[in-house]
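Good morning. I will go through one structure today, starting with charged side chains and ending with the backbone. Please have the picture open while I talk.

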Amino acid sequence: MKVTLIGAGPGDPELITLKGIRALESADVVLHDALSSTELLEYCRPECVIVNVGKRFAQHSCNQDVINHLIVEYAQQYGHVVRLKGGDPFIFGRGYEEMEYAQRHGIEVQVVPGISSSYAVPALAGIPLTTRGLSESFWVVTGTTKDHKLSNDLALAAQSSATVVVLMGMHKLPEIVETYAQLGKIDLPVAIIQNGTRPEEKIVTGKVGNILQLVQAEGIGSPAIIVLGAVAQLADNVKKLTQLVNY
C-alpha cells in the first residue's frame, strides 16, 4: 500500500514535476482536486480508477473527512493511490492532514512538492515578489481560515513594506481593501490575477483605492491571486512591452 501526494502546480499542466508525472503513470487510483488540470489524467493507465474529489469555496463535492477515508480505503483495496492536488499540497492545501491520516493507518506516503501559485502566478504575470529597491520580502496569507474569516496575519502583513500575496481571498476583497485603507495605503499598487497560468487568464491592476471598482468592471472572480505591494505595478510594464512587440 502506498500513497503519493502530488502538487499539480498552479494550473498549466506543463508545470508539474517529472517525478509527479512518473507517479501518475504508475497509479492504481487517482483522487484529484478541481484546481488540478484534467489534462494530467492523460498520463494515467487505462485501468486506473479516477475519482474527482474537488473542493471550491462554498461548493465542496467532498469534505476533508471523506477524502481522508477514501485515500485509505482505495490504498487498501488497490495498492498505489495518487492524491493530485492543485499548487503545492503543503501551502494551504491540507496535504499534511492527508499524509498524517494515511500514515496513522499504516500506509506509506511519498510527497512530491508542486509549484505554488503564490509565486508562480505573479511571476508569469511579470510580477517578482521581491526585487531590488521595491520589495525585500513577501508574505503569503490565506483569505479563508477554517472559521471562514480573514486571517489576522493580514493586518500584520499590511503594516510592513513587504509584498503580500493573498490566496483564496476574492470573497474577502472588501475587507482586505479596508485593512489597507485604514493604514492610509490607498495608493498602494494591487494586481489581481484570475485563472493564472491558464489560457483564460485575466489580470487587473490598480490601487487599493480603486481595485474594487476595477474588479467589478472587469468581471474578475475566483480562483484568483491578490498581490499587494509596489511590485504589483510591474505587471503594467509587461503589458506595455508586449503591446510594443506586437505593434
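Which side chain meets that of Lys172 in a salt bridge? The partner is Glu175, at 3.5 Å from N to O. By salt bridge I mean a side-chain nitrogen of Lys or Arg within 4 Å of a carboxyl oxygen of Asp or Glu.

Before going on, a word on where the numbers come from. This is a predicted model, in which local features need pLDDT of at least 70 and side-chain atom pairs count only at pLDDT 80 or more, while totals for chains, interfaces and linings use all residues. Residues are numbered from 1 along each chain as its sequence is written, and side-chain values use heavy atoms, with hydrogens and water left out.

Back to the pair. Lys172 is buried, at 11% relative accessibility, whereas Glu175 is partly exposed at 40%. The cut-offs are these: buried is under 20% relative accessible area, exposed is over 50%, and partly exposed is in between, with a 1.4 Å probe and protein chains only.

The salt-bridge rule gives a count of 8. One of them joins Arg45 and Glu47, with 3.4 Å from N to O. Arg45 is partly exposed, at 30%, and Glu47 is exposed, at 54%. Another joins Arg94 to Glu97, where the closest N and O atoms are 3.0 Å apart. Both ends are partly exposed: Arg94 has a relative accessibility of 40% and Glu97 has 34%. There is also a network of salt bridges, which links Asp33, Arg83, Lys85 and Glu98.

Next, the domains. The chain is assigned domain 1, residues 2-112, and domain 2, residues 117-239; such bounds come from an automatic or database domain assignment. Taken over C-alpha atoms, the two centres are 28 Å apart.

How many residues of each domain are in contact with the other? In domain 1 there are 9, and in domain 2 there are 15, where contact means heavy atoms within 4.5 Å. Together the two domains bury about 930 Å², with 71% of that on carbon and sulfur atoms. Buried area here is the accessible area, with a 1.4 Å probe, that two parts lose on being put together, summed over both. On the side of domain 1 that touches domain 2, the residues divide into 6 nonpolar, 1 polar and 2 charged. For those classes, Ala, Val, Leu, Ile, Met, Phe, Trp, Tyr, Cys and Pro count as nonpolar, Asp, Glu, Lys and Arg as charged, and the others, Gly among them, as polar.

Across this interface the rule finds 0 salt bridges. The count of residue pairs in polar contact between the domains is 1, with both residues at pLDDT 80 or more. A polar contact is a pair of N or O atoms within 3.5 Å; within protein, one must be able to donate a hydrogen and the other to accept it, and residues adjacent in sequence count only if both atoms are side-chain atoms.

Now two single residues. Ser118 lies in helix H4, residues 117-124. Helices (H or I, at least four residues) and strands (E, at least two) are DSSP runs, numbered from the N terminus. Is Ser118 buried or exposed? Ser118 is buried, at 2%. Not counting residues up to four places away in sequence, Ser118 touches Leu129, Val140, Val165 and Leu167. Its side chain also makes a polar contact of 2.7 Å with the side chain of Ser116.

Lys202 is in strand E11, residues 202-207, and is partly exposed at 32%. The side chain of Lys202 reaches the backbone oxygen of Glu218 at 2.7 Å. Beyond four places in sequence, the contacts of Lys202 include Ile192, Gln194 and Ile220.

Last, the backbone. Most residues other than glycine have a negative phi, and most peptide bonds are trans. Where is there a cis peptide bond? One runs from Ser222 to Pro223, with omega near 0°. Pro223 sits in the loop between helix H7 (211-218) and strand E12 (224-228).

Met168 has a positive phi of about 55° and is not a glycine. Met168 is in the loop between strand E9 (163-167) and helix H6 (173-181), and is partly exposed at 42%. Thr197 also has a positive phi, near 75°. Thr197 belongs to the loop between strand E10 (189-194) and E11, and is buried at 14%.
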